[in-house]
Amino acid sequence: MGRLFDFMLPENKSPLTADSTDGLFNFINEASLVIFLGVVLAMIYFAIRYKRKSEDDKTPVITHNNTLEITWSVIPLLLTFIVFGWGYSGWLNLKTVPDDAYEIHVTGFKWNWSVSYDNGAQTINEIHVPKGQPIKLVMQSRDVLHSFFVPEYRVKHDVLPNRYTYVWFQAEETGESQVFCTEYCGTSHSNMLAKVIVHEPEEFQTWLDENGGGPSGSPVEQGEQLVSLQGCQTCHSVDGSELIGPSFKGIWGRDRNLADGSSVTVDENYIRESILYPGEKIAEGYQNVMTPYEGRISDEEITNIIEYLKTID
């Protein structure tokens with residue numbers, strides 16, 4: 001059902017990510033409108049009611065009113081708690097990706113968006129997705145800070161060099177939605193545009209099949225080749241057996257205890273850091289003997305290795 005301030009928002013094409021944002025947006029504006037009207041009407045009433053009638057009128061000395069002061073302090077405080085709770089709940093929803101989400105990699109660079117899929121398909125400034133399925137975009141930047149924003153899905157996140165970030169959405173209707181970069185990144189920043197193109201599931205699978213199978217294979221295949229070529233299996237097994245370093249088997253998404261007593265979740269950023277700067281976070285029970293790969297391996301190759309490691313379970 002429409003709300004009073006919906007006219008100020010773009011079309012909602014991803015209710016799972018947009019409904020909470022829209023609801024909070026409307027609540028803040030509606031509450032502000034009620035307070036605004038209340039203050040204006042009170043001003044008008046007091047201006048008329050207490051208008052000075054003659055030169056003999058004396059203004060009474062009123063020091064304070066406990067009831068009034070408590071009221072105008074408690075009500076805004078309660079509204080602030082509501083806004084915080086509602087906003088935090090929406091933020092948790094945006095950071096909790098459904099388990100069945102389809103993963104797509106997006107790389108920002110001046111001044112385009114490069115998109116890659118698990119079967120090797122690649123596009124520039126076009127993100128093809130199926131209707132009715134959660135989509136997780138794993139994002140990184142090749143150069144400077146960018147920001148990925150799709151107004152119709154109410155998703156926005158900074159895209160950073162040297163680390164991974166992500167957003168998710170679920171498009172509920174076919175068609176196109178505009179993507180903007182909302183972080184100034186140079187002279188052609190305003191031209192850094194892309195489209196999210198939503199297909200029916202069958203049409204998306206057809207598109208994927210027709211555009212997949214890149215010249216070097218899928219990211220998983222390329223990652224497996226890189227692990228072999230770089231000699232990673234000399235120290236890291238893929239079957240769970242103990243070698244010099246931790247096994248790759250079943251590590252994805254699990255918590256890993258570190259030598260300093262802390263723990264970390266094995267995700268994109270942890271694996272990237274472990275490849276480039278292996279001495280930063282040493283796994284419990286192992287020695288710092290791995291050679292850093294900084295300057296020896298590209299971001300694209302790291303991404304492919306990560307995709308391969310996700311499959312070893």
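A residue counts as buried when its relative accessible area is under 20%, as exposed when that value is over 50%, and as partly exposed in between. Arg-154 comes out at 11%, so it's on the buried side of that cut-off. Keep in mind that this is a predicted model.

- As a bit of background, most residues other than glycine have a negative phi, and most peptide bonds are trans.
- Arg-154 isn't a glycine, yet it has a positive phi of about 60°. You'll find Arg-154 in the loop between strand 6 (146-150) and strand 7 (155-159).
- Asn-162 is another non-glycine with a positive phi, here about 70°. This residue sits in the loop between strand 7 and strand 8 (165-169).
- Is Asn-162 buried or exposed? Its relative accessible area is 56%, so Asn-162 is exposed, whereas Arg-154 is buried.
- The peptide bond joining Lys-110 and Trp-111 is cis, with omega at about 0°. Trp-111 belongs to the loop between strand 1 and strand 2.

**Nonpolar cores**

- The largest nonpolar core has 30 residues. The members that touch the most others are Ile-104, Trp-113, Tyr-117, Ile-127, Leu-137, Phe-148 and Val-196.
- Apart from that core lies another one, made of 22 residues, including Tyr-164, Ile-297, Ile-305 and Leu-309.
- What does Val-196 contact once you leave aside its neighbours within four places in sequence? The list is Ile-127, Val-129, Val-150, Tyr-153, Phe-169, Gly-175, Glu-176, Ser-177 and Val-179.

**Largest pocket**

- There's about 650 Å³ of space in the largest pocket.
- Its lining runs to 32 residues, and the ones nearest the centre are His-236, Pro-246, Phe-248, Ser-274 and Met-290.
- Sorted by class, the lining has 20 nonpolar, nine polar and three charged residues.
- Helix 5 has the largest share, at four residues.

**Second largest pocket**

- This one holds about 470 Å³ of space.
- The second largest pocket has 26 lining residues, with His-105, Ser-116, Pro-219, Thr-303 and Asn-304 nearest its centre.
- Two or more lining residues come from each of strand 1 (102-109), strand 2 (112-116), strand 5 (135-141), helix 4 (219-229) and helix 6.
- Which element gives the most to this lining? That's helix 6, with six residues.
- By class, the lining of the second largest pocket splits into six nonpolar, 13 polar and seven charged residues.

**Cysteines**

- How many disulfides turn up in a search of the whole structure? The count is zero.
- For reference, a disulfide needs the two sulfur atoms within 2.5 Å.
- Looking from the other end, Cys-235 is in no disulfide either, and its nearest cysteine sulfur is that of Cys-232.
- Cys-232 has a relative accessible area of 18%, so it's buried. Cys-235 is at 26%, so it counts as partly exposed.

Note on methods: Residues are numbered from 1 along each chain as its sequence is written. This is a predicted model: local features need pLDDT of at least 70, side-chain atom pairs count only at pLDDT 80 or more; totals for chains, interfaces and linings use all residues. Side-chain values use heavy atoms; hydrogens and water are left out. A nonpolar core is a set of buried Ala, Val, Leu, Ile, Met, Phe, Trp, Tyr and Cys residues joined through side-chain atoms within 4.5 Å. Buried means under 20% relative accessible area, exposed over 50%, partly exposed in between (1.4 Å probe, protein chains only). Contact means heavy atoms within 4.5 Å. On a 1 Å grid over the protein atoms alone, a cavity is a set of points where a 1.4 Å probe fits but cannot get out, and a pocket is an open set with protein on both sides within 12 Å along at least five of seven lines; lining residues have an atom within 4 Å of a point. Grid points are joined across faces, edges and corners, and a volume is the space filled by probe spheres set on the points. Ala, Val, Leu, Ile, Met, Phe, Trp, Tyr, Cys and Pro count as nonpolar, Asp, Glu, Lys and Arg as charged, and the others, Gly among them, as polar.
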